[in-house]
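Keep the picture open beside you as you read.

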Amino acid sequence: MTTQILLGPQSPVPNLRQAIEIIEPDAPVVVITAGWRDSEGEIDELRDVAGCPVEDLMLYHRAVEHRFVGKYLLGLQRERQEKLAELQRLYQIRLTPTIAAARKLLRARAEPELLRLEQRAAISQLRALDTHHLRRIRAIHQNFNRRRAGLDIPRATEQREQVQQRVKQAGLVMIAGGHVAVLLNRIRLFGLEDLLATKDLVAWSAGAMALSERIVLFHHSAPQGKHDAELLDAGLGIVRRRVLLPHASTRLDWRNRRRMALFSRRFSPAVCCTLDNGSMIHLDAERVVAASGSSVVMRTGRKKALTPS
């Protein structure tokens, strides 16, 4: 049995130590801070908050050496990122009118039975688009992994094995926030997906998002204007049937009930769970053992507190 504890952002008040105390690791604690990029490794404050020795696996900085030991690996990396970026652009072209149609139907006036069926059909089309996009993303990752496995780069292989060995020996793996796409990229580069699924984990903010099956970007009141939620990438799939929403109190438009209802129904049957500062979701075998400070987005557009199941 493995345990996952999902936390919200650790500022202004951290609750990381409480999560670690729940797990009580009896072996080394390691952390992945690759999402911090150039600030990776600056974990003195994190160690103080954790209250125990912590080793940073330094995936972001290791990846620089890891990639440049072979031009073919670097080329594969660049090719994958370019394909993912282009696929995202094409997805956005289809997403804009699809979500606009669903939103219009949710506020339309018509004979109830007729309207209800059209609303369901519009939301089904939106789900189908997300499912198709996720399938295409996974195919790109699988193609990269297959071609990467055919490369013989001894120094890169040595780096991967060193990191994997540290993870195997760890009693707890922590995954910090930051840039979720960079974080996932480095975790995949070092082949840690299956290993992390066997470990007790504490992850916060974007680190928690990375554990889910799909990464959903959302910001209803972004500085550049209103922005529809979009599917960015496949996650590691360790936390199943949940869409995780860091900074939800400021990034979701809770006053717009219809918009929030569409958000919830779009990602159903997955449960949309908020993760704000102070939030904690304790999972054991996919069951919610305990939860505090986290809400579930309901089909009505309202929210209710997440409770143990």
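## A guided tour

If we leave aside its neighbours within four places in sequence, His141 is in contact with Arg80, Leu84, Arg188 and Asp233, where contact means heavy atoms within 4.5 Å. His141 lies in helix H5, which covers residues 112-149. Helices (H or I, at least four residues) and strands (E, at least two) are DSSP runs, numbered from the N terminus. His141 counts as buried, because its relative accessibility is 8%; buried means under 20% relative accessible area, exposed means over 50%, and partly exposed is in between (1.4 Å probe, protein chains only).

Before we go further, a word on how to read these values. This is a predicted model, in which local features need pLDDT of at least 70 and side-chain atom pairs count only at pLDDT 80 or more, while totals for chains, interfaces and linings use all residues. Residues are numbered from 1 along each chain as its sequence is written, and side-chain values use heavy atoms, with hydrogens and water left out.

Now step back to see the whole chain. It holds 11 helices and 13 strands. The radius of gyration is 20 Å, close to the 19 Å that the globule rule gives for 309 residues, so the chain is as compact as a globular protein of that length. (The radius is taken over C-alpha atoms, and the rule is 2.2 Å times the number of residues to the power 0.38.) Along the principal axes, the C-alpha atoms fill a box of roughly 65 × 45 × 35 Å. Buried residues make up 50% of the 309 residues. The chain exposes about 15100 Å², and carbon and sulfur atoms supply 50% of that area; accessible areas come from the Shrake-Rupley method with a 1.4 Å probe, and for residues only the protein chains shown count as cover. Of the contacts with a separation of 6 or more, 76% are between residues 24 or more positions apart.

Let's zoom in on some rings. How many aromatic pairs does a search of the whole structure find? It finds 2. Rings of Phe, Tyr and Trp (its six-membered ring) pair if their centres lie within 6.5 Å; planes under 30 degrees apart count as stacked, over 60 as edge-to-face and the rest as tilted. Phe218 and Phe263 have ring centres 6.4 Å apart and planes at 70°, so this pair is edge-to-face. Phe218 belongs to strand S6 (residues 214-222) and Phe263 to helix H11 (residues 257-267), so the pair ties together parts that are 45 residues apart in sequence. Both Phe218 and Phe263 are buried.

The rings of Phe263 and Phe267 have centres 5.2 Å apart, with planes at 70°, so they too form an edge-to-face pair. These two residues both lie in helix H11, 4 residues apart, about one turn of the helix. Phe267 is buried, with a relative accessible area of 0%. Helix H11 itself is mostly covered, with 9 of its 11 residues buried; among them are Met260, Ala261 and Leu262.

Rings can also have a charge over them: NZ of Lys or CZ of Arg must be within 6 Å of the ring centre and within 35 degrees of the ring normal. Lys303 lies over the face of Trp254, at 4.6 Å from the ring centre.

Next, find strand S1, residues 3-7. All 5 of its 5 residues are buried. Thr3, Ile5 and Leu7 point one way from S1, while Gln4 and Leu6 point the other way. Two strands pair if DSSP finds at least two bridges between them. S1 pairs with strand S10 (residues 280-284) in the antiparallel sense over 5 bridges, and Gln4 has Leu283 as its bridge partner there. S1 and strand S5 (residues 201-204) run parallel, joined by 4 bridges; here Ile5 is partnered with Val202.

Our last stop is Arg287, in strand S11 (residues 287-292). Is Arg287 buried, exposed or partly exposed? At 42% relative accessibility, Arg287 counts as partly exposed. Beyond its neighbours within four places in sequence, Arg287 is in contact with His282 and Ser309.
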